[in-house]
Amino acid sequence: MTEQSKQAKQSVRPFRRRAGSFVALALAALVTVSCGRSDQGGTSGGAAPAAAGKSATELLPSDVKKKGVLRVATAVGYPPMEMYKPGTTELTGVDPDLARAVADRLGLRLELTNAAFDGLIPGLKSGRFDLVMSSMTDSPERRKAVDFVDYFRTGGVIMTKKGNPEGIKTLEDLCGKAVVLAKGSSNLAIGQEQNTRCGKKMRISQSEDAPTGLLQIDSGRAVATIVDYPVAAMFVKEKGTYEALPEQYGTAPWGIAVGKDRSGLRDAVQRALQDLIDDGGYRKVLDSYGVGGSAVPKATVNDGT
């Protein structure tokens, strides 16, 4: 098994941990589906940093500026968001690359650490890290412990064989068809919720993860699946034998986590991210991994629902 395939095999299970209350969000979002570029969410969405008009470096707290280091933690295992370069222990992916860009904007040296996902927020609260960037859903439960600078909005997309031979366009088109969905994932909940509305029911089988589900499409046992958008984008780009439909279901924001007691750093990061959005650097990073469909137009704070 290649390093890439090892990483791909991990794609769904880490996401279940990252999602937190994502299943409930997914079901609620089915009522009004939005695309990954939408700017929906909480009342703080779009709010400017507290010291509006100041640059990112001016907003940076003096203690961080004095140290000259931005300590960011991530959890490898969810390509293309967080992974190792093949054959190395060098961290790469959307989150590490954005972390480097944010640190550059703040004039700081990046210190990037790989840690267990369930230890990320405790490490942040204890002061071990300054930020967490690890495909972490901005959920009400997590906002009790940390603040989020939201930078990505994503959900599940329908995947088919390349060319979409069944002509599937929406969730409704899955009714009556053989569909494979990953066990315990938010995408399984999306498919099951849709199935309650189908006149002719889907024939749903459950796979261990996204890669094994795609094998059922390869063999013809299923005609479609629903996969997290970043993972779908990776498989479409790398394999060339699949197609991902553009609409995202159950979308929710992912955020850069910052300690509740570090509002100055939060505001500086928000400003740095907004600068990257405005000058195109942010979109360049996302597009380099094929996930531009989850770009946000504005860096917001605590914008989850």
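The model is predicted, with local features needing pLDDT of at least 70, side-chain atom pairs counting only at pLDDT 80 or more, and totals for chains, interfaces and linings using all residues. Residues are numbered from 1 along each chain as its sequence is written, and side-chain values use heavy atoms, with hydrogens and water left out.

**Aromatic rings**

- Rings of Phe, Tyr and Trp (its six-membered ring) pair if their centres lie within 6.5 Å; planes under 30 degrees apart count as stacked, over 60 as edge-to-face and the rest as tilted.
- The count of aromatic pairs is three.
- F152 and W254 are stacked, because their ring centres are 5.1 Å apart and their planes stand at 20 degrees.
- This pair links distant parts of the chain, 102 residues apart: F152 is in strand β6 (residues 146-161) and W254 in strand β11 (residues 249-259).
- Strands (E, at least two residues) are DSSP runs, numbered from the N terminus.
- Both F152 and W254 are buried (under 20% relative accessible area, 1.4 Å probe, protein chains only).
- Y78, Y151, F152 and W254 form a cluster linked by ring pairs.

**Backbone geometry**

- Most residues other than glycine have a negative phi, and most peptide bonds are trans.
- P79 and P80 are joined by a cis peptide bond, with omega about 5 degrees.
- P80 sits in the loop between β1 (69-74) and β2 (83-84).
- N164, not a glycine, has a positive phi of about 50 degrees.
- N164 lies in the loop between β6 and β7 (178-182), and counts as buried at 12% relative accessibility.
- N302, also a residue other than glycine, has a positive phi near 50 degrees.
- N302 is in the segment after β12 (300-301), and is buried with a relative accessible area of 18%.

Notes. Helices (H or I, at least four residues) and strands (E, at least two) are DSSP runs, numbered from the N terminus. Buried means under 20% relative accessible area, exposed over 50%, partly exposed in between (1.4 Å probe, protein chains only).
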